[in-house]
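Subject: Structure for you to look at

Hello,

Here is the structure I promised to pass on. Please open it first, then read the notes below it.

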Amino acid sequence: MSLTDGHGPKKRIPGLSPPTVDTLGPVSDGFGDIGAVSAGLAAAGYLADQAIATSVYLARALDKPVLVEGPAGTGKTELAKSVAAMTGARLIRLQCYEGLDESRALYEWDYRKQLLRIQAGQVGQAGAGGGAGGGQDAADQGWDAVEDDLFSERFLLPRPLLEAIRAPDPVVLLVDEVDRLEVETEALLLEVLSDYQISIPELGTITATRIPLVFLTSNNTRELSEALKRRCLYLPLDYPDIERERAIVVAKVPGITERLADQVARVVRSLRALDLRKPPSVSETLDWARTLVLLSIDQVDVERACTTLPLLLKHRGDLAKATKSLSASGVDR
Ligand SMILES: Nc1ncnc2c1ncn2[C@@H]1O[C@H](COP(=O)(O)OP(=O)(O)O)[C@@H](O)[C@H]1O
Ligand SMILES: [Mg+2]
């Protein structure tokens with residue numbers, strides 16, 4: 001971390017101007033090339049396709065945040081967690097919600113401690129001055145010193161964004177479900193995302209010396225501001241294809257056979273093709289697969305699929321549609 005005066009020239013952070021693609025050299029900590037990122041993520045339990053691995057690689061090579069957008073349960077949060085696991089970095093998470101403000105996202109002054117400091121100062125002064133008419137000047141000087149001290153680092157409570165900026169160790173910053181913020185609150189993120197710095201009026205500008213990897217996720221419940229998007233690499237995520245979903249199931253569900261994993265992936269894919277209110281997500285695929293293993297079902301037929309469907313679908317109408325479709329077309333073996 002480095003501090004500069006809030007009004008002075010801003011300190012440049014090395015490596016912030018994006019290199020052009022042909023100057024992108026190999027990057028360390030598992031970021032050698034896109035293939036290495038893919039392999040690193042797989043070792044951390046995350047199966048990435050080419051687009052995901054490329055975005056993660058570029059996030060490090062260009063020092064740019066990644067905005068991951070897609071339906072719930074498609075692996076957005078898990079991606080950030082897996083990048084942290086892969087690089088051995090600490091994950092710092094800011095969970096967004098309506099009403100999140102600066103004091104929860106950036107920093108807050110520790111009012112209670114500040115109050116104690118003032119009281120301690122008064123006690124000290126009373127002791128030293130002893131009511132002997134020490135004069136207004138002395139009192140003013142005492143107050144100036146206290147005021148300087150009150151707004152120093154000692155009384156600063158860092159929240160996730162500040163914590164990530166000034167972390168001396170490698171961190172991955174996850175700003176989760178950013179679409180839950182009000183548009184005006186999004187602005188809180190902009191300085192961090194473009195300059196990796198935070199301005200604190202009483203203290204100055206805190207600039208990152210080590211640029212964190214940043215992932216923002218959005219379930220796309222509303223359009224994000226152009227200002228935010230402009231600062232990020234954009235990674236739209238969708239449900240995985242059958243092959244990748246099968247591999248995810250095999251990787252995440254202990255004791256499942258390749259054949260059952262394949263069947264699970266195909267049934268889920270066929271359900272997503274129906275016009276459902278909420279198609280099953282990868283989390284639900286995994287829940288279903290785990291349940292089938294638990295029930296010692298090694299092959300899915302229509303009856304077993306229909307009785308276990310509530311693990312995949314959470315709306316009555318969707319259940320009815322899926323039951324009808326599975327009964328009519330059967331389950332591939
Ligand atoms: N590519 C993937 N590789 C491994 N697991 C995945 C992948 N995509 C999704 N998952 C699994 O799906 C679940 C839901 O993912 P999550 O990241 O929580 O979804 P969301 O997109 O809602 O943030 C997680 O438990 C994760 O294990
Ligand atoms: Mg999530």
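T77 is partly exposed, because 18 other C-beta atoms lie within 10 Å of its own. The cut-offs behind that word are these: a residue is buried if 20 or more other C-beta atoms lie within 10 Å of its own, exposed if 12 or fewer, and partly exposed in between, with the C-beta atoms placed from the backbone. T77 belongs to helix α3. Helices (H or I, at least four residues) and strands (E, at least two) are DSSP runs, numbered from the N terminus.

Leaving aside neighbours within four places in sequence, T77 is in contact with L174, D176 and T217. Contact here is defined by C-beta atoms, placed from the backbone, that lie within 7 Å of each other. T77 and R93 are 16 residues apart in sequence, and their C-alpha atoms are 9.8 Å apart in space.

**How to read the model**

This is a predicted model, in which local features need pLDDT of at least 70, side-chain atom pairs count only at pLDDT 80 or more, and totals for chains, interfaces and linings use all residues. Residues are numbered from 1 along each chain as its sequence is written, while chains are lettered from A and ligands numbered from 1 in the order in which they are written.

**The protein as a whole**

The secondary structure of the protein comes to 14 helices and 10 strands. Of the 333 residues in the protein, 31% are buried. Among contacts with a separation of 6 or more, 77% are between residues 24 or more positions apart.

**Around ligand 1**

Which residues come nearest to ligand 1? Of the 16 residues around it, these are G75, K76, T77, E78 and V282. A residue is counted as near a molecule if its C-beta atom, placed from the backbone, lies within 6 Å of it.

Three helices, α3 (76–87), α10 (242–252) and α12 (282–294), each supply at least two residues of the shell around ligand 1. The shell also draws at least three residues from each of domain 1 (2–105 + 159–236) and domain 3 (242–329). The domain bounds come from an automatic or database domain assignment.

By class, the shell around ligand 1 has six nonpolar, seven polar and three charged residues. In this count, Ala, Val, Leu, Ile, Met, Phe, Trp, Tyr, Cys and Pro are nonpolar, Asp, Glu, Lys and Arg are charged, and the others, Gly among them, are polar.

In helix α1 (residues 34–43), the buried residues are V37, S38, G40 and L41. Seen down the axis of α1, these buried residues fall within an arc of 165 degrees, so they line one face of the helix. The arc is that of the directions from the helix axis to the C-beta atoms. An α-helix has 3.6 residues a turn, so residues three or four places apart point the same way. On the other side of α1, G35 and A43 are exposed. The cover over the buried residues of α1 includes α2 (50–62) and α3. After α1 comes G45, with a positive phi near 90 degrees.

α2 has 13 residues and reaches 18 Å from its first C-alpha to its last, close to the 18 Å expected at 1.5 Å a residue. That expected span is 1.5 Å times one less than the number of residues in the helix. The buried residues of α2 are I52, A53, S55, V56, Y57, L58, A59 and R60. What covers them includes α1, β2 (66–69), α3, β9 and β10 (233–236). α2 is followed by D63, whose phi is positive, near 55 degrees.

**Two loop residues**

E177 is not a glycine, yet has a positive phi of about 60 degrees. E177 lies in the loop between β6 (171–176) and α8 (183–195). With 19 C-beta neighbours inside 10 Å, E177 counts as partly exposed.

N220 is not a glycine either, and has a positive phi of about 65 degrees. The loop that holds N220 runs between β9 (213–218) and α9 (226–230). N220 counts as partly exposed, because it has 14 C-beta neighbours inside 10 Å.

A139 is found in helix α6 (residues 136–150). A139 is exposed, with 12 other C-beta atoms within 10 Å. R316, in helix α14 (residues 316–329), counts as exposed with 10 C-beta neighbours inside 10 Å.

Regards

Terms used
Contact = placed C-beta atoms within 7 Å.
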